[in-house]
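Dear colleague,

I am handing over the structure we spoke about, and below it you will find a short account of what turned up when it was examined. Please read the notes alongside the model.

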Amino acid sequence: MINGQTIPAFKIGSIPIYGDVLLAPMDGYTDMPFRSLARKLGSAASYTEFLNAVDVISQHHSIPLRAAYQEWERPVFFQLLDNQPERLLEAAQRLLPLQPDGFDINLGCPARTVAGRGAGAGLLREPEKIRKIFHLFRQAFSLPVTAKMRIGWGHGEPNTHIELAQLLEDSGASALIVHGRTRQQAYQGKANWDAIAEVRQAVTIPVIGNGDVQKVADIRNMKIHTGCQGVMIGRAAIFNPWIFCQRERDQVLPWEVESLILQQLELNLEFYGIPRGLILLRKFAKNYLRYFSIEPILITQLMTTESVDDFRNILHGVIMGI
């Protein structure tokens, strides 16, 4: 097993999770190449980018790539997004031949184009619809189903995290991932760890805390503060994937950054081909390099070259100059 642990930190349904730190699903970031690197560094499970139920049912060309995973990434959970229970169920049924270990229902995406149509965090305002989603899944599958939720809508509305968590447990959810912000906050302001602790006290299923985990010490601090069984890391992992092996970003040497970028480049080229693999790597490389003092012109050259060989050469020159 990747984390070298023999005793699971917790279970999602009957599935043992070996490790207590997980990479969060993030649209546009947690594709198979990045997830696989995070898993090798110590992330305890893989959650895909959200799979829009409408796209799954219509067989949109993006779905095979968004749902792709490597066998050794298991356990793998497919995150589903929609506002209609029956459509979510149909999408899950169509994805079953890909043999995920479980599903996750997105109750947290704050984007206006998502929440505004009642999906993602928009579902927070419709608890009976959430109940129906999990009832349908419980009736149809033996696979575990988790929920990634926020603590409420915001805009003066009371937070509903305790009631929602209890509803989800009663409706058959196998675990809860709780982002300690409201939909209104999006990714701004301070995450409410007290609310995560309240959810942990309100249910018996595993709770995975999410929000404001930026350093290695934050992992332990969140677990102590909330009592949660696991910690999920999103945006901080984009800049420091080494956090999954308990390393702060300033502990990572330049040659290690170069090595990771080149590994991800090869995975991207194999997965996406040329030129898309190189283009999609750029945002990751820029984030990994932001901790170093590098001439802006070199970063511009690295981010704009269309040649894979030139990218490798420019990157090596950048690293040697640090």
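Glu71 is exposed, at a relative accessible area of 53%, where exposed stands for over 50%, buried for under 20% and partly exposed for what lies in between (1.4 Å probe, protein chains only). Please bear in mind that this is a predicted model, in which local features need pLDDT of at least 70 and side-chain atom pairs count only at pLDDT 80 or more, while totals for chains, interfaces and linings use all residues. Residues are numbered from 1 along each chain as its sequence is written, and side-chain values use heavy atoms, with hydrogens and water left out.

Glu71 forms a salt bridge with Arg74, with 2.6 Å between the closest N and O atoms; the term means a side-chain nitrogen of Lys or Arg within 4 Å of a carboxyl oxygen of Asp or Glu. Arg74 is partly exposed, with a relative accessible area of 22%. In the whole structure, 17 salt bridges are found, and Asp27, Glu49 and Arg66 are linked in a network of them.

Another salt bridge joins Asp82 and Arg117, at 3.9 Å from N to O. Asp82 lies in the loop between β6 (76-81) and α4 (85-95), and Arg117 in the loop between α5 (112-115) and α6 (127-140), so the pair ties together parts that are 35 residues apart in sequence. Helices (H or I, at least four residues) and strands (E, at least two) are DSSP runs, numbered from the N terminus. Asp82 is buried, at 0% relative accessibility, whereas Arg117 is partly exposed, at 31%.

Arg312 and Asp309 also meet in a salt bridge, at 3.1 Å from N to O, and, being three residues apart in helix α14 (residues 308-320), they are separated by about one helical turn.

Turning to the strands, five of the five residues of β9 (residues 175-179) are buried, so this strand is largely enclosed by the rest of the structure. Ala175, Ile177 and His179 cover one side, and Leu176 and Val178 the other. Strand β8 (residues 145-150) runs parallel to β9 and is joined to it by five bridges, two strands being paired if DSSP finds at least two bridges between them; Lys148 stands opposite Ile177 in β9. Four bridges join β9 to strand β10 (residues 207-210), again in parallel, and Val178 stands opposite Gly209 in β10.

With kind regards
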